[in-house]
Amino acid sequence: MWVACWNVNSVNARLANVLAWLNEASPDVVCLQELKCEDHKFPHEEIEALGYNCLVHGQKSYNGVAILSKLPIEEVRRGLPDGEGDEQARYLEAVVSRPDGSAIRVASLYCPNGNPVGTEKFTYKLAWMERLQAHVQGLLALEEPLVLAGDWNIIPREEDCWDPAVWSGDALFRPESRASWRRLLNLGLTDAFMAMDGAGHTYTFWDYQAGAWPKDHGIRIDHLACSPQAADRLAEVKIWRAVRGNEKASDHVPVGARFS
DNA sequence: ATGACCTAACTTTTAGGA
């Protein structure tokens, strides 16, 4: 089964692209980020018509995450458990059940950007990663297949961007951000791309500006983090790079992992 | 050449993205 994630940069502005990719790739489970709409404005009918159950955690204008699944969805969690007072829709978790009776827990997450560094935005990013870390510790104790998929807004390595010098002061590449990603992995999670490929200069995002796409000036910030029980079943990873060249493309492309 | 974009919103400019 395929589990994928994609920051669509407005699900309604991107609807034609989303439907086309779902038809082409036909993933079993998809975690979407940056819906940029409230729940009632999510294009439920169009996506359900392709055979997906839609679980939506949106908000007006910004953020918003969803889980699309061809499999039955249960055990839903909206937001991080300590999210009292946090209005930003950045986390959605559910368990999907496979026909063979096995289950996989999936989280769709949209880590804060954090720019500019030195402001409360960067503080919020690091605090959000700490909150996620605390929650994931509890999830790992369940010892079940778990995939945390989404836009992490973190460039893990120098070779995950086209020019480290350009990104050195950016919230996506700051040592504090990269350390928070490493701390999370050190709990026992596996970056699916690193386990199955790991090649440098393999990107998932290209800015709309400055001809970043034609020049291949990208960054790798969309990741699937797998628990040991999920990592043991990793069979393949894929980045749908060509999607970036389509009309009205999102600045991110879909990333997915196949599990046996 | 150090340029160049896109989206939502009570829009005619701003905030946010990365």
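This is a predicted model: local features need pLDDT of at least 70, side-chain atom pairs count only at pLDDT 80 or more; totals for chains, interfaces and linings use all residues.
Me: In which sense do strand 3 and strand 4 pair?

Reply: Residues are numbered from 1 along each chain as its sequence is written, with chains lettered from A and ligands numbered from 1 in the order in which they are written. Strands are DSSP runs (E, at least two residues), counted from the N terminus as helices are (H or I, at least four), and two strands pair if DSSP finds at least two bridges between them. Strand 3 and strand 4 (residues 65-69) share 5 bridges, and their sense is antiparallel.

Me: Which strands are the edge strands of the open sheet?

Reply: The sheet has 6 strands in the order 3-4-2-1-14-13, with mixed pairing. An edge strand here pairs on one side only, which leaves strand 3 (53-57) and strand 13 (234-239).

Me: Which residue is the bridge partner of Val 56 in strand 4?

Reply: Strand 4 covers residues 65-69 and pairs with strand 3. Within strand 4, the partner of Val 56 is Ala 66.

Me: How many residues surround DNA strand B?

Reply: A residue counts as near if its C-beta atom, placed from the backbone, lies within 6 Å of the strand. The closest are Ser 10, Ala 13, Asn 113, Tyr 208 and Ala 210. The number surrounding DNA strand B is 25.
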